[in-house]
Structures are given as structure tokens and as C-alpha cells.
Amino acid sequence: MTHVRTIILGASHWHVPLCAQAMAEEHEVIAVGDDDVSRVQVKRLADGWGAPVEADWRKLVDLPDVGLAYVFGPHEGMAEKCMALIERGIPFVVEKPLGTSLGELSTVRQAAEAAGVPATVPLVQRGGPTEKWLAKAGRPTYQRASFIAGPPGRYLDNANPWMLDPVKAGGGCLANLGPHFVDLFLRGCEESAAQVDSRLSSVLHGQAIEDHASLIITTPEGREAIVEVGYAFPGSPLKRYCSFTSVGDTGFATVDSDGTATFTALDGTTDVDKINVDSDPLYDPFVRSVARTLEDGFRGLPTLAQLEDVMRPIWQAYDDQHGGREHA
């Protein structure tokens, strides 16, 4: 359903500009919310949509005939916004991780399901070039994902300093980057995590949030993924380092940081191609999918239940590393 009356909460989030054109073309953006309405990028976005800016998100959810909401911004307070939308019957798109604990996410998921309010999450690697290439290997037996983004200081530069506050963000690179790659593995093998081993480190940048994290996820069938994420890449036009491997019942697939992709089949033959590993272009088609599937309850898009499966091993890793209390 296109051109429904739409509100955007937390417009200073760095993913919003990646969605802005599609939002303008697919929705009728009637209001924009942010805790600091003076931010240049917020004003620029609002002007582009021809929409007013409001600091109090509660006023936005009470606007008449809202048909869709996007929830961005600090992870602390996300659950409260989602619950307010559910109470009003407003379908919503919410950024991962949806809150700062598994409990918050579970509460929102249960409330949305009970109320029949559609909700989805931009796990944008789904259906993207990397997932499609790794799928050549079949259902993964072993998978490895390494995604090392730029230094955490970039969040000071892009007006999202809350990302360096573990209370407001819930965590660092693992909570932010990890969900995409945990999701790729769990979705590929069609199982949930049964066992999680983890390491978190903040040695490189000395921030209160971790700048490097490693997970080993094992499924009930013994399938295994190693997920490494970090804020350890230098500030650079290259943006990030990434590499992926997946071995399954049809062969071995790899994707390198420059987009070089190889697949070696069981008969030993190898195909080589070049794909786009930049995740930024994946947000535009996601927004268009939101518009296209809104009437069908976001059929085919990520669900809150799937996000809960993804976040369970991630929050468990924080609990294991921080004494088992912070994200219960």
C-alpha cells in the first residue's frame, strides 16, 4: 500500500538518509520526530518530505489516521515507542535491536501479535547479493561472517553519540552489526541457536562499548557459525572490511571485501563473480517492500519473532560477558 500517512521517529539515525528517497516516493510522510529538532540532517530530511518536525514523539503517534510508523533513534526507549504504536493499532517498522534487552523485545513481540499489529525489521542483508551468493552452498553446515566497520567515533560525527553509551545503545558493535549476520546463518539453516560462545573487547578504542566481538553459534543439529564484528576499521572511503564463507551440501561459497565471490561445487569446479557487498543500497528496496506488503501484514519481510531468535544469542553473549544481569 503506497502513500499511507507515515511518521518517522528518530530521524537523525544514520540509516534514515538511505531510506529517504524511497520514503518520499512510497509514503506520505506527515511528521518527523527527533529528540533534537535543530539537527541539520533532520531539518534537511523533513524539508525533503515537506513534513513538520516535532521533538515529542508522543504527539506524533497521536496524529489522526497514521497508517505506518518507522522507529529509529536510541535503542533505549524503542520498546516504549513500539508499545504506544501497538496500542493505537499502527503498523510499524523498527530498527534492530528493538530495545536494550531481550525482555523488551519479547514484550513488544507478544503485544504486537496479541493485537494483530503488523511489524517488521530492516534486516536488509536478506535477499541481498551476499545472502544469494552464500546460498549457492546450500543449507549451511559451517558459516563464517566477518564484518568490521569504521571507528566508533563516527557516531559523534553523524549526530548519534548515544551509540557510544551502553545504557542508551544496549551494547556496541555486537548489538548493532551482529544481528544481520546471525540472521543470515539462522535463516539459512532454518534452526535456532542452541549454544553460544562469545568474546567482547573494547581494547582498541577504550570506549564503554565493545569495538570487537566474536560469537560461535551452534544449532541443535550441530551446525556452526562464527560471527565476528567490530568498529576496528580505520575511517576510510572503503567504509569496512568484510568476508564470508559458507559450506553446505552443495559446496563452498566465499565473498571477499572487494566483492569477489567464488563458489566451488562438490565436483571441484569453481565459479567466480563480482558482487556488491555495500549494505547501504539495500535500504531503499526494503522501504519499497514495506509499502508493497503493508496491506498483507508485511508478508515475507522479517518478523519480530525472527528478530527475537536473532537477538537471543546476542543478548546472551552480553550476559555471559557482563555477569548475567544486564540484559535479562
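Helices here are DSSP runs of H or I with at least four residues, strands are DSSP runs of E with at least two, and both are numbered from the N terminus. With that settled, here are my notes.

1. **Ground rules.** This is a predicted model, in which local features need pLDDT of at least 70, side-chain atom pairs count only at pLDDT 80 or more, and totals for chains, interfaces and linings use all residues. Residues are numbered from 1 along each chain as its sequence is written, and side-chain values use heavy atoms, with hydrogens and water left out.

2. The loop between E5 and H5 holds Pro 97. For context, most peptide bonds are trans.

3. **The parallel sheet.** Six strands form an open sheet in the order E3-E2-E1-E4-E5-E6, with parallel pairing. Its edge strands are E3 and E6, each of which pairs on one side only. Pairing here asks for at least two DSSP bridges between two strands. In general, the strands of a sheet pair through backbone hydrogen bonds.

4. **Strand E2 and its neighbours.** E2 (residues 28-33) is largely enclosed by the rest of the structure, because five of its six residues are buried; buried means under 20% relative accessible area, exposed over 50%, and partly exposed in between, using a 1.4 Å probe and protein chains only. Strand E1 (residues 5-9) runs parallel to E2 and is joined to it by five bridges, with Thr 6 opposite Val 29. Strand E3 (residues 53-54) is also parallel to E2, through two bridges, and there Gly 33 stands opposite Glu 54. The chain gets from E2 to E3 through helix H2 (residues 40-49), in a right-handed β-α-β crossover. Right-handed is meant in this sense: with the strands pointing away from the viewer, the path from the first strand over the helix to the second runs clockwise. E1, helix H1 (residues 16-26) and E2 make a right-handed β-α-β unit as well.

5. **E1 with E4.** Four bridges pair E1 with strand E4 (residues 68-71) in the parallel sense. Leu 9 has Val 71 of E4 as its bridge partner.

6. **Helix H5.** What length does H5 reach from its first C-alpha to its last? The 14 residues of H5 reach 20 Å, close to the 20 Å expected at 1.5 Å a residue; the expected span is 1.5 Å times one less than the number of residues. Its buried residues are Leu 102, Leu 105, Ser 106, Val 108, Arg 109, Ala 111 and Ala 112. Their cover includes helix H4 (78-87), E5 and H11, where contact means heavy atoms within 4.5 Å. Just after H5, Gly 116 has a positive phi of about 70 degrees.

7. **Helix H11.** The 18 residues of H11 (residues 304-321) should span 26 Å at 1.5 Å a residue, and the 25 Å between its end C-alpha atoms agrees. Buried residues in H11 include Leu 304, Val 310, Met 311, Pro 313, Trp 315 and Tyr 318. Among the elements covering its buried residues are H5 (102-115), helix H9 (173-189) and strand E8 (195-201).

8. Ala 159 has a phi of about 70 degrees and lies in the loop between helix H7 (154-157) and helix H8 (166-169); with a relative accessible area of 19%, Ala 159 is buried.

9. **Pro 74.** This residue sits in the loop between E4 and H4 and counts as partly exposed at 21% relative accessibility. Leaving aside residues up to four places away in sequence, Pro 74 touches Asp 35, Trp 162 and Lys 168. His 13 is 61 residues from Pro 74 along the chain, and their C-alpha atoms are separated by 8.3 Å.
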